[in-house]
Amino acid sequence: MKKLLLSSIAFISFFSCNSESKSGVQIKGNLTNANGVTVYLEELSATSVIPKDSIKVNEKGEFTFNVAVNNPTFYRIKTAANNFCVLVIDSLEQIDFSADAKNIATTYKIKGSPNSEKLQEANKVITANYTKLDSLQAIFQGFQGNPYISMDSLDKVLGSQFDAIVASEADYIRNFVKENNTSLASLAVVEKLKPETDYASFKLLDESLTKKYANNSYVNAFHQRVVELGKLAIGSEAPEISLNNPKGELVKLSSLRGKVVMIDFWASWCRPCRMENPNVVKLYAAYKNKGFEIYGVSLDKDKAAWEKAIADDKLTWLHGSDLQFWSSPIAKSYDVQGIPMTYLIDKDGKIIAKGLRGKQLEDKLAEILK
């Protein structure tokens with residue numbers, strides 16, 4: 001699953017540096033269990049990491065950073081590649097920072113930086129949800145192989161709890177973005193939502209931030225992304241797809257006008273896709289004679305594996321691929337960040353739904369093809 005989130009993304013490697021500047025923002029820090037560790041301050045641009053300062057804590061675990069900041073900017077405080085937290089720092093802030101050096105992400109406290117405090121608030125909720133989801137997964141795995149437990153029943157019970165946690169988190173994030181639509185903290189948080197189902201939240205944030213920070217590089221990059229997402233909004237005409245099927249024959253999406261079409265982005269190597277395929281096979285059998293067609297777009301790079309998966313899963317609909325994996329221009333034109341991913345297209349080639357799977361897909365097809 002490919003998903004951009006500023007609070008967790010892995011950036012390129014860097015070298016350490018020292019600075020003696022004494023202007024702008026000051027960060028006074030204190031780490032427990034530090035044992036003379038070196039702390040690094042990095043600026044996170046839209047595309048890379050920029051080392052700003054590094055310092056070894058004193059015997060009390062204290063350190064101070066001074067950095068010039070003109071606009072709200074994402075920074076990272078870290079002691080190691082997997083031990084960090086992200087801040088959103090604005091000009092002239094006087095920040096107090098503390099954390100356990102062994103686990104900065106879950107223990108840090110911050111004062112004097114409103115945007116950073118908001119981001120921390122959201123990260124606490126998201127982290128707590130990760131813990132809950134991991135617990136459900138552990139419970140399910142713990143009962144595997146137990147002859148006295150119905151795994152299907154357990155899967156339904158735990159699955160409903162899983163869905164409830166995910167839905168609750170999405171509601172929280174939508175409200176967070178709505179209430180903090182002029183804060184750059186929301187730029188990191190909104191990425192936990194799916195653009196295909198929550199475009200309104202992306203658009204609201206874009207409009208609010210663009211008005212307030214017209215010259216901010218993060219805001220400008222986000223604006224360009226939202227513009228591209230708008231081309232895939234409900235009611236927009238679906239971008240053309242023109243790919244070769246396994247036999248080398250060209251298949252165009254536009255040739256299917258007059259039918260309701262589901263574009264199904266998948267791959268032979270994608271386990272969730274393969275698990276979903278039996279459900280799609282049933283839906284295709286139920287609706288293929290009622291004006292419904294499927295165009296499977298594979299993100300495979302191995303033609304033999306692609307062809308074998310089509311045969312093994314009995315996928316009798318139309319297929320196409322450029323065998324370019326995640327570099328596929330078609331996948332990029334549809335903003336495919338993870339698979340399986342679906343788009344429902346009406347008879348006129350307009351997008352009517354996105355990201356539907358399972359029961360949601362079944363219900364939508366029943367609604368439009370009854």
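The buried residues of helix α6 pack against β2 (38-44), β5 (73-80), α4 (185-189) and α5 (195-212). Contact here means heavy atoms within 4.5 Å. Helices (H or I, at least four residues) and strands (E, at least two) are DSSP runs, numbered from the N terminus. This is a predicted model, in which local features need pLDDT of at least 70 and side-chain atom pairs count only at pLDDT 80 or more, while totals for chains, interfaces and linings use all residues. Residues are numbered from 1 along each chain as its sequence is written, and side-chain values use heavy atoms, with hydrogens and water left out.

Staying with α6, which residues are buried? They are Tyr218, Val219, Phe222, Val226 and Leu229. Buried means under 20% relative accessible area, exposed means over 50%, and partly exposed is in between, with a 1.4 Å probe and protein chains only. These five cover an arc of only 90° around the axis, which puts them on the same side of α6. The arc is that of the directions from the helix axis to the C-beta atoms. As background, an α-helix has 3.6 residues a turn, so residues three or four places apart point the same way.

Helix α6 covers residues 217-230, which is 14 residues, and reaches 20 Å from its first C-alpha to its last, close to the 20 Å expected at 1.5 Å a residue. The expected span is 1.5 Å times one less than the number of residues. At the start of α6, a side-chain oxygen of Asn216 comes to within 2.9 Å of the backbone nitrogen of Tyr218.

Next, Ser208, which lies in helix α5. Is Ser208 buried or exposed? Ser208 is buried, at a relative accessible area of 14%. Leaving out residues up to four places away in sequence, Ser208 touches Asn181 and Thr182. With Asn181 there is a polar contact from side chain to side chain, at 3.0 Å. A polar contact is a pair of N or O atoms within 3.5 Å; within protein, one must be able to donate a hydrogen and the other to accept it, and residues adjacent in sequence count only if both atoms are side-chain atoms.

Now the sheets. An open sheet of 5 strands runs in the order β13-β12-β11-β14-β15, with mixed pairing. Two strands pair if DSSP finds at least two bridges between them. Strands β13 and β15 stand at the edges, each with a single partner strand, so one side of each is left without a neighbour in the sheet. The twist averages 20° from one strand to the next. For angles, axes are lines fitted to C-alpha atoms, for helices over the stretch in contact, and the values run from 0 to 180 degrees between N-to-C directions.

Within this sheet, β12 (residues 292-298) and β13 pair in the parallel sense over 3 bridges, and the bridge partner of Gly296 in β13 is His319. Ile345 stands opposite Ile351 in β15. The two strands form a hairpin with 5 residues between them, and Gly349 in the turn has a positive phi of about 85°. Helix α10 (residues 358-368) lies across β11 (260-266), β12, β14 and β15, and runs at about 5° to β14.

The other sheet is open too, with 4 strands in the order β4-β1-β7-β8 and mixed pairing. Its edges are β4 (62-67) and β8 (109-111), each with a single partner strand, so one side of each is left without a neighbour in the sheet. Here the twist averages 15° from one strand to the next. Strand β7 (residues 94-100) pairs with β8 in the antiparallel sense over 3 bridges, and Ser98 has Lys109 in β8 as its bridge partner.

Some backbone items. The peptide bond from Ile339 to Pro340 is cis, with omega near 5°, and Pro340 sits in the loop between α9 (329-333) and β14. Lys314 is not a glycine but has a positive phi of about 60°; Lys314 is in the loop between α8 (303-312) and β13 (318-320) and counts as exposed at 59% relative accessibility. Leu323, also not a glycine, has a positive phi of about 55°. Leu323 lies in the loop between β13 and α9 and counts as partly exposed at 29%.

Last, the totals. The protein has 10 helices and 15 strands, and 45% of its 370 residues count as buried. Its C-alpha trace spans about 75 × 55 × 40 Å along the principal axes. Among contacts between residues at least 6 apart in sequence, 63% join residues at least 24 apart.
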